[in-house]
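Hi,

Here is the structure I promised to pass on to you. Have a look at it first, and then read on for what turned up.

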Amino acid sequence: MLACVSIPGFELRAALRTRPRLALAPVALSPSPGEEPLLGPVTAVAEAAGVRPGMRLGEALATCPELVLVEPDPAAVEEEWEGVLRRLEDAGFAVETVEPGVVLFETKGVERLYGGVRPALERALAAVGTAWDPRAGAGQRRFAALAAASVARPGQIVIVEGERERDFLAPLPLSLLPLPPERYAELEGLGVRRLGDLARLPGGAVAERLGPEGRRAWRLARGGERRRVRGRPPVVELAEALSFPEAVANELTLRRALGALLDRLLARPERAGRPFRKVAVSARLVGGGSWRRTATLREATAERTRLRVALGSKLAELPAPVLELRLEAVQLAEHAGRQLALVPPAGEELGSRLREGLRQVKASTGTGSVCAVVEVAPWSRIPESRALVVPRDV
């Protein structure tokens, strides 16, 4: 059985960890600079005052003048979420992140350890911690587990048996589906307001009207696909930080600090000579909040010059003076070097470049992003039914 643990509004909760008093006030996560002025997650007090996530900033302030806006803190989100994942892994769960605040795992390997599905989920909630108000759901399919966790109350466990999945999903709202806002309005205009209404429609008609995304939504409304959870590989924390006695806004000083952090990171024995595939630089800013950027390298490397070039340009995007600069190795390559051949076989260079490019895409976009098309029903009249897209190991 697949299980899901969900922490709604995780980004806002992580930003409020250092300011717990604001959790009892009307608070919302402000939009990032340069983005559309739409609110992020909100507290329960703000929701009771009529403020909703995704509401425009001006409308929200007119609805609740005492609304407090909190800047996004991506470094805190990354740090807190990594702590949650490690506590779950210490409890024996092989986890796969959907997004910060939502994690999937299989219960098959831990049911005997804890005495069943429900005791295993209770152990998972305890590992996350009651301070996060987590909720859990379980089902035979991914979407059923995600939907069960989304309707559960804080600390509650909702388990959906295989034969009850369709009946469980039928009354749930369409907002659970990954569709653009205009598609929701289009479906509601057609009288489709629940997952059950969409599941009862012919799949071909839905695909013709809404395209591939509508076809995928129709499949999810009928339960979705059965796909196993891929636990993440063991994580080795490689990070270095440098605190400044006073706030620094000079780019030259920050570049020199970045070079010092690179030297310390390259000298870490845990790296075992492996090159970097993906690195991240983050900063704690004056006035609260943080800043974080990641760089996926086109070719894994441990050359100091190339790493400085890849990360140095990110420092120009800093929105405020810096109190602390942090450098982190997000992912290391599997190899420690490249063995060159005297006469490479024909086509080998092209194949190796293709594999390296696929590894880069996977490191940048996450597990399941590299897929292959498998033909299953070439005789079908519906184009979307002739083949399936399945994840591929690189």
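A word on terms before the first finding: a residue is called buried when its relative accessible area is under 20%, exposed when over 50%, and partly exposed in between, with a 1.4 Å probe and protein chains only. Helices (H or I, at least four residues) and strands (E, at least two) are DSSP runs, numbered from the N terminus. Please keep in mind that this is a predicted model, in which local features need pLDDT of at least 70 and side-chain atom pairs count only at pLDDT 80 or more, while totals for chains, interfaces and linings use all residues. Residues are numbered from 1 along each chain as its sequence is written, and side-chain values use heavy atoms, with hydrogens and water left out.

Let me start with helix α7 (residues 142-151). It is largely enclosed by the rest of the structure, because 7 of its 10 residues are buried. The buried ones in α7 are Arg142, Phe143, Ala144, Ala145, Ala147, Ala148 and Ala149.

Next, two helix pairs. Axes here are lines fitted to C-alpha atoms, for helices over the stretch in contact, and angles run from 0 to 180 degrees between N-to-C directions. Angles under 35 degrees count as roughly parallel, over 145 as roughly antiparallel, 65 to 115 as roughly perpendicular and the rest as oblique. A crossing is left-handed if the near helix is turned anticlockwise from the far one by less than a right angle, and right-handed if clockwise.

Helix α9 (residues 181-189) packs against helix α11 (residues 203-221) at about 140°, and their axes are 12 Å apart. α9 is therefore oblique to α11, and their crossing is left-handed. Helix α12 (residues 251-266) and helix α13 (residues 304-312) pack at an angle of about 135°, with axes 10 Å apart. These two are oblique to each other as well, but α12 passes α13 in a right-handed crossing.

On to the charged pairs. Side chains of opposite charge can pair when their charged atoms come close. With a salt bridge taken as a side-chain nitrogen of Lys or Arg within 4 Å of a carboxyl oxygen of Asp or Glu, the structure holds 20 of them.

- Glutamate 80 pairs with arginine 17, the closest N and O atoms being 3.9 Å apart. This bridge links distant parts of the chain, 63 residues apart: glutamate 80 is in helix α4 (residues 74-90), and arginine 17 is in the loop between α1 (10-15) and β2. Glutamate 80 is partly exposed at 23% relative accessibility, and arginine 17 is partly exposed at 42%.
- Glutamate 78 pairs with arginine 292, with 3.7 Å between the closest N and O atoms. Glutamate 78 lies in helix α4 and arginine 292 in strand β10 (residues 290-301), so the bridge ties together parts that are 214 residues apart in sequence. Glutamate 78 is partly exposed at 32%, whereas arginine 292 is buried at 12%.
- Aspartate 197 pairs with arginine 200, the closest N and O atoms being 2.7 Å apart. Aspartate 197 is partly exposed at 24%, and arginine 200 is exposed at 63%.

Shared partners also join Glu78, Arg292, Arg326 and Glu328 into one salt-bridge network.

Most residues other than glycine have a negative phi. Aspartate 133, however, has a positive phi near 50°; it sits in the loop between α6 (117-128) and β6 (135-139) and is partly exposed at 32%. Alanine 272 has a positive phi near 55°. Its place is the loop between α12 and β9 (276-285), where alanine 272 is exposed at 58%.

Valine 27 lies in strand β2 (residues 27-29) and is buried, with 0% relative accessibility. Its C-alpha atom is 10 Å from that of arginine 13, 14 residues away along the chain. Valine 374, in strand β12 (residues 371-375), is partly exposed at 37%.

Happy to talk any of this through.

Best wishes
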